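Me: I am new to this structure and would like to learn how to read its features. Could you take me through them in turn?

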Amino acid sequence: MKFTKMHGLGNDYVYVNCFEEPLSGVDLPELARRVSDRNFGIGGDGLILIMPSEAADFRMRVFNNDGSEAKNCGNGLRCVSKYVVDHGLTRKESFTVETLGGIVAPRVQIGKNGKVEQVTIDMGEPRFERSAIPMTGKPDEQVVEYPLAVQGRTFAMTAVSMGNPHAILFVEEVKEEDVTVFGPHIERHEWFLERTNVEFIQVLNRQELLFRVWERGSGVTLACGTGACAAAVAASLSGKTDRTVTVHLAGGDLLIEWRESDNRVYMTGPATEVYQGVYTEPLPMLDGQMRA
């Protein structure tokens, strides 16, 4: 199986071009677990498939390193956008990508070397209703700075869906140990019907946020694009920041704009191709067999 290793601000995935590698009959969750293993596989936060789509120019499927399938991935979208342009799958600089969370519209910025340097993605409209997250409780109710008690501590939590669920926690100071201690408990909290991503946010000023994340199905990662969008929206919604902010993630910065004109969220940031290779281990099949 040919693959490409890419990352968005350190959020790294194994990418497979399914126009060339259709992977029919392959157990994709098991494949994701195997290739993501940093000791016995290629290593990464998960597996992303670049596929044909009947509804958009391309389709993206995202599998976390535990084998669960994600509805969306902002860093993955930027990398997919770079891949399809740099590898000649499209000549467009603006196109559409189908995800489980809906169709999004990237626009690439080409550098002097003819390769994609930056990608701006229309991530769509944020959702706040409990039913959209999804969460327990009244379906139409919004959860904004709601007290969430876990492991003896209470956080002010705002729930946002960017096609996938996010629990935004505003803290006085971001501490790495809080992410690893509280993140896994909140991810699987009984309120969240499909688990949730967990973002710990420190407001630096009205234009900047400090961001750390515990990703659903992956744990601590260096960046989360949809999480950065959700954090920017939550901060603006509660009056803490302006509608355009720079989000400082562990792997670098993203520019997030929640436009008042159309209520849509736009994310701008880099994508990086690291290397290409061939995975030579037998592929796990849905029938329990292995394909050499």
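Me: Is Tyr15 buried or exposed?

Reply: Buried means under 20% relative accessible area, exposed over 50%, and partly exposed in between (1.4 Å probe, protein chains only). Tyr15 has 1% relative accessibility, so Tyr15 counts as buried. Tyr13, at 1% as well, also counts as buried. Keep in mind that this is a predicted model, where local features need pLDDT of at least 70, side-chain atom pairs count only at pLDDT 80 or more, and totals for chains, interfaces and linings use all residues. Residues are numbered from 1 along each chain as its sequence is written, and side-chain values use heavy atoms, with hydrogens and water left out.

Me: How many aromatic pairs are there?

Reply: A pair of aromatic rings is described by the distance of the centres and the angle of the planes. Rings of Phe, Tyr and Trp (its six-membered ring) pair if their centres lie within 6.5 Å; planes under 30 degrees apart count as stacked, over 60 as edge-to-face and the rest as tilted. That rule gives eight aromatic pairs. In one of them, Tyr13 and Tyr15 have ring centres 6.4 Å apart and planes at 75°, so the pair is edge-to-face. For Phe58 and Phe95 the centres are 5.9 Å apart and the planes stand at 85°, so this pair is edge-to-face.

Me: Where in the chain do Phe58 and Phe95 sit?

Reply: Helices (H or I, at least four residues) and strands (E, at least two) are DSSP runs, numbered from the N terminus. Phe58 is in strand β4 (residues 58-64), while Phe95 is in the loop between α2 (74-86) and β6 (97-99); the two are 37 residues apart, and their pair links distant parts of the chain. Both Phe58 and Phe95 are buried, and together with Phe19 they form one aromatic cluster.

Me: Which charge lies over the face of Tyr146?

Reply: A charge sits over a ring if NZ of Lys or CZ of Arg is within 6 Å of the ring centre and within 35 degrees of the ring normal. Arg130 lies over the face of Tyr146, 5.6 Å from the ring centre. Arg259 does likewise for Tyr266, at 3.7 Å.

Me: In what sense do strands β9 and β10 pair?

Reply: Two strands pair if DSSP finds at least two bridges between them. Here β9 (residues 146-150) and β10 (residues 153-161) are antiparallel, with five bridges. Pro147 has Ala156 in β10 as its bridge partner. Their hairpin has two residues between the strands, and Gln151 takes a positive phi near 50° there.
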